[in-house]
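Here are a few friendly notes to read alongside the structure. Take them in order, with the view open beside you.

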Amino acid sequence: MEAILIRLEALGPRVASARDAVVPLAAEEFDALVRRHQRRIYRVLLGQLRDHDAAETLTQECFLRAYQHRHRFRGESSAATWLVRIALNLAYDHAKSRRASFWKKLFASRRRDQESEARHVAELPDAQASPEQQVLAREAARAVWSAAAELPEKQRAVFLLRFVEDMTLAEIAESTGSELGTVKAHLHRALINVRGKLKAQELETSP
Amino acid sequence: MTHHPSGVEWAAGLAGDDVPPDVTAHLKAHLNECPACRREYERCTESLAGFGAAARNAAERPEPFWTRQRAEIAARIARRRSVTLRLTWVTSMAALALAANLLLRPAPQQVVWDPDDALLRDVETSLWRSAPASLSPASLLVQEMNQAASSAARTESEKENPQ
């Protein structure tokens, strides 16, 4: 019990430590910037699109756009939130164009979702847990993943930035270009959905 | 026993950032005394943490993937920069050529009116003309009268000798 409460209190500082330093964007420093943030941008895009190829292509596109508009970066936010914002806009545009293609959505996306979900679940860490615990943890992660996949894209973005990227709500607000209250509302709705899924899954697995 | 937390309180607690102190206090107090909620809270936080770790793992790629990606980004930036440079170069060259053309073009020569030259030209024109310049309208009239007379004569001779 004590451990849970400590975790509840410790969540704030833990995510706050993920805040990146402000990065100047001179042309010659750009490669270092890519090196520092490419994994995060790829992760954000993969979480949003659940498509490795699209995530790879859009990661490149994200950095190209950042380079093209580097003079607009004023250093008011961190480079990470600025890049995440570009990546999310690219993901929204991509999803819009993907939605336009009915057949692609019907066949390819469903297949990709299943593959991607299986991949996420298969790569769960914690090898020290017992086989039973691993199965339960895998099932729980699967339930969270499928709940996240069904969320509207803005709720999903907020949810993923919070729990995959460990960003603070203020950083998420900067990245998504939303008000703090809107971010909280999105996250709360997402968590209510996820909790419902977990409850349903628990009922299914309980004897 | 405190009442069970509402959905919003649960969500605020699980969000774990910027949680109002009264919600944290109530959640803490309730979790201390309600094993079912404690179990559920523990399960939710563990699942969320497990999900985050799994999602981060799923996005991991071998180092060559990231190296190749950086190289591609650098190459695309270089290509774009060279196109931009070329465009700038072509535009500035065109502007330079236009400016040079405008600046170096010889100024149009001003025609200086020379009375002697004009007199000589008038003389030459008069020499080549069949009638003097002063009689030009009259000579045209004569020319037209001659043409009319010759056509009348031709008509008459055709009437007299109709083949």
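This is a predicted model: local features need pLDDT of at least 70, side-chain atom pairs count only at pLDDT 80 or more; totals for chains, interfaces and linings use all residues.

1. Let us begin with chain A. Its secondary structure consists of nine helices and zero strands, so if you trace the elements from the N terminus you will read α-α-α-α-α-α-α-α-α. Of the 207 residues in chain A, 37% are buried. Looking at contacts in chain A with a separation of 6 or more, 67% are between residues 24 or more positions apart.

2. Chain B is built from helices too: six helices and zero strands, in the pattern α-α-α-α-α-α along the sequence. Here 16% of the 163 residues are buried. For contacts in chain B between residues at least 6 apart in sequence, 39% link residues at least 24 apart.

3. A helix worth a careful look is α3 of chain A, residues 52–68.

4. Which residues of α3(A) are buried? They are A:A55, A:L58, A:T59, A:C62, A:F63 and A:A66. These six places cover an arc of only 145 degrees around the axis, which means that they lie on the same side of α3(A).

5. Is A:Q60 buried, exposed or partly exposed? It has 18 other C-beta atoms within 10 Å; because a buried residue needs 20 or more and an exposed one has 12 or fewer, A:Q60 counts as partly exposed. Leaving aside residues up to four places away in sequence, A:Q60 touches B:Q69, B:E72, B:I73 and B:R76. Within its own chain, A:Q60 and A:Q38 are 22 residues apart along the chain, with 8.7 Å between their C-alpha atoms.

6. Now turn to a helix pair in chain B. Two packed helices are described by the angle between their axes and the distance between the axes. For α1(B) and α2(B), the angle is about 100 degrees and the axes are 10 Å apart. This makes α1(B) roughly perpendicular to α2(B), because angles of 65 to 115 degrees count that way. Where they meet, α1(B) brings B:E9, B:A12 and B:G13, while α2(B) brings B:V23, B:H26 and B:L27. By type, the residues of this contact are three nonpolar, two polar and one charged.

7. Finally, look at how the chains come together. The contact involves 45 residues from chain A and 41 residues from chain B. On the side of chain B that touches chain A, the elements giving two or more residues are α1 (7–15), α2 (21–33), α3 (35–58) and α4 (63–104). Which of them gives the largest share? That is α3(B), with 17 residues. The residues on this side of chain B divide into 20 nonpolar, 11 polar and 10 charged.

Definitions and conventions. Residues are numbered from 1 along each chain as its sequence is written. Chains are lettered from A and ligands numbered from 1 in the order in which they are written. Two residues are in contact if their C-beta atoms, placed from the backbone, lie within 7 Å. Helices (H or I, at least four residues) and strands (E, at least two) are DSSP runs, numbered from the N terminus. Ala, Val, Leu, Ile, Met, Phe, Trp, Tyr, Cys and Pro count as nonpolar, Asp, Glu, Lys and Arg as charged, and the others, Gly among them, as polar. The expected span of a helix is 1.5 Å times one less than its number of residues. The arc is that of the directions from the helix axis to the C-beta atoms. Axes are lines fitted to C-alpha atoms, for helices over the stretch in contact, and angles run from 0 to 180 degrees between N-to-C directions. Angles under 35 degrees count as roughly parallel, over 145 as roughly antiparallel, 65 to 115 as roughly perpendicular and the rest as oblique.
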